[in-house]
Amino acid sequence: MKKSILFCFLLGLVLTGFCQKPKSDFVLDKKMYQIFSQTEIENMYDNDFAKLFRMNFKMVNFAMLSTKYEDGADVVGYLEEYANPGVKVDEAKIIREGCLNPYDFTFPQSANKVTVVQMHTPGYCINIHSKYEYESREQASLNQYQY
């Protein structure tokens, strides 16, 4: 019994190692180049891959354009209320592109509920996953890479 448990544990460790992707498979969102220079990105890639990955993950997955939201979600104010100083909110562009740059905003995030930021355009809103769910997805995605 002990041998089979030990064998299963070792097999799991070996298979986990084979399931990881090399960091060369990482795809950086093109909007990251609006925030950082090529040199800064290359430096983070070489010296702090986890930081670069987390920043890219936030760019793609933090604030999601949606046409609906869950029952029981925290519905908060309108998009322009959370824009950083100097940021012009263009809802038509956000809807056309299907995304926005979360670094241009200071969004609230609930610990255990989805937060919904309203838009003036009927039928659209921004969904922000709970802190727990977001961090769990982020860490699980990062764990896929061998760096």
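The questions and answers below take up the charged pairs and then the sheet.

Reply: This is a predicted model, in which local features need pLDDT of at least 70 and side-chain atom pairs count only at pLDDT 80 or more, while totals for chains, interfaces and linings use all residues. Residues are numbered from 1 along each chain as its sequence is written, and side-chain values use heavy atoms, with hydrogens and water left out.

Me: How many salt bridges does the count come to?
Reply: Side chains of opposite charge can pair when their charged atoms come close. A salt bridge is taken here as a side-chain nitrogen of Lys or Arg within 4 Å of a carboxyl oxygen of Asp or Glu. By this rule the count comes to 5.

Me: Arg 54 and Glu 138 meet in a salt bridge; how many residues apart are they?
Reply: Their side chains meet at 3.6 Å, N to O. Arg 54 belongs to helix H3 (residues 49-61) and Glu 138 to helix H5 (residues 131-142), where helices (H or I, at least four residues) and strands (E, at least two) are DSSP runs numbered from the N terminus. The pair therefore links distant parts of the chain, and the separation is 84 residues.

Me: Is Glu 138 buried or exposed?
Reply: Buried means under 20% relative accessible area, exposed means over 50%, and partly exposed lies in between, with a 1.4 Å probe and protein chains only. Arg 54, at 30%, counts as partly exposed. Glu 138 has a relative accessible area of 10%, so the term for Glu 138 is buried.

Me: What is the N to O distance between Glu 133 and Arg 137?
Reply: Both residues lie in helix H5, 4 residues apart, which is about one turn of the helix. Glu 133 is partly exposed at 26%, and Arg 137 is partly exposed at 42%. Their side chains meet in a salt bridge, N to O, at 2.7 Å.

Me: Which strands stand at the edges of the sheet?
Reply: The open sheet has 4 strands in the order S2-S5-S4-S3, with mixed pairing, two strands being paired if DSSP finds at least two bridges between them. Each edge strand has a single partner strand, so one side of each is left without a neighbour in the sheet. The edge strands are S2 (63-66) and S3.

Me: Which residue in S5 is the bridge partner of Thr 115?
Reply: S4 and strand S5 (residues 125-128) pair in the antiparallel sense over 4 bridges. In S5, the bridge partner of Thr 115 is Ile 128.
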